[in-house]
Amino acid sequence: MAVQADKMVDARGSFCPGPLMELIKTVKTAPVGSVIEVLSNDQGSAKDIPQWVNKVGHELVYSEDMGDHWKIAVRKVK
Amino acid sequence: MSQNVVILGGGVGGTMVANHLVRTIPEEIRSGEITVTLLANEQKHTYQPGFLFVAFNEGHMGQFERNEKALLSPGVNLISDNIVRVDKDAKKLHGEKGVYSYDYLVISTGSVPTFDTIPGQAEDSHNFYTRQGAFQLRDALSKFQAGKIVVTVDVPHKCPAAPLEMTLMLDDYFRVRGLRDKVDITYTYPIGRVHALQSVADWALKEFENRGIQYETFFNLSEVDTRKKLAISMEGSELPYDLLITIPTHRGAKVILDSNLGDEQGFIPTDRHSLKMLGDDHIYVLGDATNLPISKAGSTAHYQTETVVQNLISELHGLSPRAHYDGKVVCFLESKMDQASFIEFSYNRPPQPAVPSEMLHWFKLAYNEMYWLFARGLL
C-alpha cells in the first residue's frame, strides 16, 4: 500500500446507503487524480466496488482484507 | 448564570430535540438556569414523506404542514431568522436579524435537493423531493396516458426507500387507471442491485419481474439530453424517456458550506456514537446534516434525538456525555397504493424487511398523522 489516499470514507456499519454509494458520492466531488479509500465490513464490497470501478473506468488501487473489514482504494481518472 | 442551548434548524431533528430537552428538565427551564432557543428560517414545518403521497394525489399538502410555533413546547424560545454564518470559535451564530451566543449548539440543518449538478436535469425532469416538485409531478402524472417513464437515483439522497416506493406505486397507479399496458416504467440504481439493502433488493427484484417493471443497475445519471430526451449515465448507458423522474443529489445547508463546517458537500464530520461534531466540544449534529454513512431520513434524526438530549443534559450538569447512538433507522416502504413493508436496522444489526401487508400500509398512513405527536415530544 505505497499509495497515499487523499480521502478516507469509513463506511463500516453502513447498510444503507452502503459502502459503494458512499464511495460514489465521494468520487463525484473529488478532483480527478485523487485516491479515495473506503473502509467496509460488507463482504460484498470486495466484489461490487471493483465491478463499478471497472464499469465506469476509474482505477482500483488496492483491495485489502484487514480481517474484520476491507480497505479498498480507488483513483478517480476522469 | 444561565446556560444557553441553541438549536439551528426547525425540521425533524431540531424540533424533537428542543421539545424533548425542555420536557426533560422543566424546572431548570422555568427558573431560567437553562434556556433553549430554536432558530428556524421557515415558519412552516413540513413532513416531507408527504410529498410522495401528494405526487400521486393521495394526500393534500395541508395534511403535511404545521406552523412550527404550534409544535413547540412553551419553554422553547423560537426565533425566526436566517442564519448565514456559524462562528464556532466565538460560539456565535450570525443571522440576518441578529447575533446569537450559545454554550451548546445543536445543528440540524438537514440536506438540500440539488438539481444543477447534472446538465439538463433542472430543465427537464420531475421530482417529489420538493413541495413544488410534488405538485408538478402530480399534474404531469395525471395527464400521462402512454409512453416511457424513467426513474433515476443520485447520491446522496434522503429517504432511500422513496425511489423504490415511487416506482412500485407508479406501477399500481397506472394499473388502477387501466393504462399500465401503455406505460413503460424503467427504474435505475447507482450500484449493482436495485436497492442498497440486499434483502430489500431481492424482494424488489421479484416485484419488478412480476409487475413488468424494467430496471438497470450501475446507472449514475451524468447528463439529461433535453433535446433527444435521453437520460445518460456516467457508465455510458442512454435511456429514452417521455417523463423523467429524478432523485437529485443532496447537499448540506448553505450556512454549513458558507461557514466551512462540513466536507465538500456540506455534511458535518460527526462522531457516529456521541453525535458530537468532530473537533468541537460544544456542538452536536443530527439528522441529514451529519456525514455519517447511514440513511438520510427523518427516522434517523428521530432516533438520534434521544442520544443528543441525554448528552446535552449530562454536559449542562457538568457530567461526561455517555449516551451512544447505535445507528438505528426504521422505515416504511410502500409497495403498492394499499400495501407496505417495514424495515429496521442499526450499525450492527442487518435489516430484514417485513412481509408487505395492507395493515402496514395503514400503519404508515397512521404514522403520517402520529408524526405530529412525535415532533411535539409527546410520544
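B:Leu378 sits in the segment that follows helix H10 (358-375) of chain B; helices (H or I, at least four residues) and strands (E, at least two) are DSSP runs, numbered from the N terminus. B:Leu378 is partly exposed at 46% relative accessibility; buried means under 20% relative accessible area, exposed over 50%, and partly exposed in between (1.4 Å probe, protein chains only). This is a predicted model, where local features need pLDDT of at least 70, side-chain atom pairs count only at pLDDT 80 or more, and totals for chains, interfaces and linings use all residues. Residues are numbered from 1 along each chain as its sequence is written, chains are lettered from A and ligands numbered from 1 in the order in which they are written, and side-chain values use heavy atoms, with hydrogens and water left out.

**Surface patch**
- B:Leu373, B:Leu378 and B:Leu379 make a nonpolar surface patch of about 260 Å².
- Patch residues have over 30% relative accessible area and no salt bridge; like charges are joined within 9 Å, nonpolar side chains (Val, Leu, Ile, Met, Phe, Trp, Tyr) within 5 Å.
- Accessible areas come from the Shrake-Rupley method with a 1.4 Å probe; for residues, only the protein chains shown count as cover.

**Salt bridges**
- The count over all chains is 21 salt bridges (a side-chain nitrogen of Lys or Arg within 4 Å of a carboxyl oxygen of Asp or Glu).
- In chain A, A:Arg12 pairs with A:Asp10 at 3.0 Å, N to O.
- A:Arg12 is partly exposed, at 28% relative accessible area. A:Asp10 is also partly exposed, at 28%.
- B:Asp171 bridges to B:Arg175, with the closest N and O atoms 3.0 Å apart. Both lie in helix H6 (residues 162-176) of chain B, four residues apart, about one turn of the helix.
- B:Arg175 is partly exposed at 41%, whereas B:Asp171 is buried at 1%.
- B:Asp171 also forms a salt bridge with B:Arg211, at 3.1 Å between the closest N and O atoms. This pair links distant parts of the chain, 40 residues apart: B:Arg211 is in helix H7 (residues 198-211) and B:Asp171 in helix H6 of chain B. B:Arg211 and B:Asp171 are both buried.
- Shared partners join B:Asp171, B:Arg175, B:Arg180, B:Glu207 and B:Arg211 into one salt-bridge network.

**Cavities**
- There are two cavities of 30 Å³ or more.
- The largest cavity has a volume of about 120 Å³. Its lining includes A:Met21, A:Lys25, B:His157 and B:Leu292.
- The second largest cavity holds about 60 Å³ of space. Among its lining residues are A:Cys16, B:Cys159, B:His195 and B:Phe345.
- On a 1 Å grid over the protein atoms alone, a cavity is a set of points where a 1.4 Å probe fits but cannot get out; lining residues have an atom within 4 Å of a point.
- Grid points are joined across faces, edges and corners, and a volume is the space filled by probe spheres set on the points.

Definitions and conventions:
1 Å grid on protein atoms, 1.4 Å probe; cavity = no way out; pocket = protein on both sides within 12 Å on 5 of 7 lines; lining within 4 Å.
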